[in-house]
Amino acid sequence: MNKFMEAALEEAFKGMRAGEGGPFGAVIVLNGEIIAAGHNEVVKYNDPTAHAEMVTIRKATSKLGRFDLSDCEIYTTCEPCPMCFSAIHWAKMKKMYFGASRFDAADIDFDDQYIYDVINGTATELQVGIEQIDRKECLTPFTEWSKMVEKVPY
């Protein structure tokens, strides 16, 4: 077994057995060394965003003092949900390895197909009502941002 995936798997068991969240773990690797490891902590913190990948990304960025992880790889025990998949891309990681598939996760009631359907515009019902309001006013910080000289692009 791949040693980094094995470490991610250990995290999954650690969090699950401690009752902190679902059976998911992840590690982030830089130059052949694990710099961050984490597991699902949704239950521990009552935080629906505390998925293993999100927890691990937060640890890695905190440790490195930067938001760009383009020189890093992530190993995660399951194919990431849309939120985590997006975060991995926002962090610009160079490679993602995953173990179980999202269909395997759905088999144990971790099903994110509805979110894919909403994103694709194929959901037959919306769980969350969506309405655009006050666009003109909300564009004002965009205008200011676009004129700022002292800003950190990302």
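Guide: Two strands pair if DSSP finds at least two bridges between them. Strands (E, at least two residues) and helices (H or I, at least four) are DSSP runs, numbered from the N terminus. This is a predicted model, in which local features need pLDDT of at least 70, side-chain atom pairs count only at pLDDT 80 or more, and totals for chains, interfaces and linings use all residues. Residues are numbered from 1 along each chain as its sequence is written, and side-chain values use heavy atoms, with hydrogens and water left out.

Visitor: What makes the order of the four strands an open sheet?

Guide: The order is β2-β1-β3-β4, with mixed pairing. β2 (33-39) and β4 (95-100) each have a single partner strand, so one side of each lacks a neighbour in the sheet.

Visitor: How do you know that β1 and β3 pair?

Guide: Pairing requires at least two bridges; five join β1 (residues 25-30) to β3 (residues 72-78), and the two strands run antiparallel. I28 stands opposite I74 in β3.

Visitor: Which strands does helix α3 touch?

Guide: Contact means heavy atoms within 4.5 Å. Helix α3 (residues 52-64) packs on the sheet and touches β1, β2 and β3.

Visitor: What is called a nonpolar core?

Guide: The term denotes a set of buried (under 20% relative accessible area, 1.4 Å probe, protein chains only) Ala, Val, Leu, Ile, Met, Phe, Trp, Tyr and Cys residues joined through side-chain atoms within 4.5 Å. The largest has 21 residues, and I28, I35, I57, L69, C72 and M93 touch the most other members. Its largest share, four residues, comes from α3.

Note on methods
Axes are lines fitted to C-alpha atoms, for helices over the stretch in contact, and angles run from 0 to 180 degrees between N-to-C directions. Buried means under 20% relative accessible area, exposed over 50%, partly exposed in between (1.4 Å probe, protein chains only).
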